[in-house]
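Biologist: Please take me through this model, one point at a time.

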Amino acid sequence: MRRKLAAGNWKMNGTAADLAVVEDICKAHKGAGVDILICPPATLLSRLTDAAGDVIAAGGQDCHAKDSGAHTGDIAAGMLADAGATYVILGHSERREDHEETDQDVREKAKAALAAGLKVVICVGESLEEREAANTLDIISGQLAGSIPDAVTGETLVVAYEPIWAIGTGKIPTLDQIGEVHDFIRARLEERFGAGVGRSTRILYGGSVKPGNAAEIFAVSNVDGALVGGASLKAADFSPIISALEDS
C-alpha cells in the first residue's frame, strides 16, 4: 500500500513567527496515518525541522543541479539535506515559468537531489491553453519522460499533477479530469519503470486544494494525497485537509 502524503508548499511566504503553524499541526496530527511534509522558504528550513520533530517532514522548494560552486543565490541539494530536508520540490510550474526551467533542467536537479539522499517531488501540469486544445495528456507525457531520471524508486519519487490554470485561482478540474490524468500518470510510470516502481510511486494532486474540496479529490482514482499551496499556511486550513486524507 502506498502511504498517502499531505505536502504543503509555502512558496515565498513565512517568517519565524509562522512556525507556530507547524507546532499546531504537530499537536493535532501526532501519530497521523499519513505522511505530512512542509516545504518552507530556505530561511526557515532548519528551524522548521526542529519544530516539526518526527511528525512533519521538511523539504526544499528547489535545488541546483551542481553540488557546489559559483552560483550566487542558489542552494545545493546537499545543503538542503544538511539543514534537515528529506524532500525537495522540483519542476513546479512557477519555476518552469519564472525561471524558464526545462524538463532537462528538472531532470538534472533531480539527479543531484537523489545523490544527496533526498526524495523528489516532481511537478507536471498543463496550461489553460493546452487544456483547451486537448493537449493535456501529450504535455504530461513529455514532462514525465523529460523530467524524471532513470534512477528513481517508488520510495524516492513523488509525482505532483498541478494544472497550471488551477494554481491559486480557486478553479479546479472536474473529478473526472483529475482521475484521467492521474490514471494516465500511473500507466506511464508502470510502462517505463515496471509494476514495482509504477505502482508504489505516490501521485499527488495540487491546485486550489481546500478543506471544502479535499475529501472528494482524495476519493479519485490514483490520488495519493495533495501538494497544497496557500491552504498550507494556516493550521486551520491545512489540518482539515490532512484529516480528510487520513479518512480517505
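**Helix packing and pockets**

Biologist: Is the crossing of α1 and α11 left-handed or right-handed?

Modeller: This is a predicted model, in which local features need pLDDT of at least 70 and side-chain atom pairs count only at pLDDT 80 or more, while totals for chains, interfaces and linings use all residues. Residues are numbered from 1 along each chain as its sequence is written, and side-chain values use heavy atoms, with hydrogens and water left out. A crossing is right-handed if the near helix is turned clockwise from the far one by less than a right angle, and left-handed if anticlockwise. The crossing of α1 and α11 is right-handed.

Biologist: At what angle do α1 and α11 pack?

Modeller: Helices are DSSP runs of H or I, at least four residues, numbered from the N terminus; here α1 covers residues 19–28 and α11 residues 235–247. Axes are lines fitted to C-alpha atoms over the stretch in contact, and angles run from 0 to 180 degrees between N-to-C directions. The axes of α1 and α11 are 10 Å apart, and the angle is about 35 degrees.

Biologist: How many nonpolar residues has the contact of α1 with α11?

Modeller: Val21, Asp24, Ile25 and Ala28 in α1 meet Ala235, Phe238, Ser239 and Ile242 in α11, contact meaning heavy atoms within 4.5 Å. Ala, Val, Leu, Ile, Met, Phe, Trp, Tyr, Cys and Pro count as nonpolar, Asp, Glu, Lys and Arg as charged, and the others, Gly among them, as polar. Beside one polar and one charged residue, the number of nonpolar residues is six.

Biologist: How are α1 and α2 oriented to each other?

Modeller: The axes of α1 and α2 (residues 45–52) come within 9 Å and cross at roughly 25 degrees. Angles under 35 degrees count as roughly parallel, over 145 as roughly antiparallel, 65 to 115 as roughly perpendicular and the rest as oblique. The two helices α1 and α2 are therefore roughly parallel.

Biologist: What is α5 to α7 in orientation?

Modeller: The axes of α5 (residues 103–115) and α7 (residues 136–147) come within 7 Å and cross at roughly 40 degrees. That angle makes the orientation of α5 to α7 oblique.

Biologist: Which helix gives the most to the lining of the largest pocket?

Modeller: A pocket is an open set of points on a 1 Å grid over the protein atoms alone, where a 1.4 Å probe fits, with protein on both sides within 12 Å along at least five of seven lines; lining residues have an atom within 4 Å of a point. The largest pocket is lined by 21 residues, of which Lys11, Gln61, Asp62, Arg95 and His99 lie nearest its centre. The lining divides into eight nonpolar, seven polar and six charged residues. With three residues, the helix that gives the most is α4 (residues 93–98).

Biologist: What volume has the second largest pocket?

Modeller: The second largest pocket is lined by 16 residues, with Gly168, Ser208, Val209, Gly229 and Gly230 nearest its centre. Grid points are joined across faces, edges and corners, and a volume is the space filled by probe spheres set on the points. For the second largest pocket the volume is about 190 Å³.
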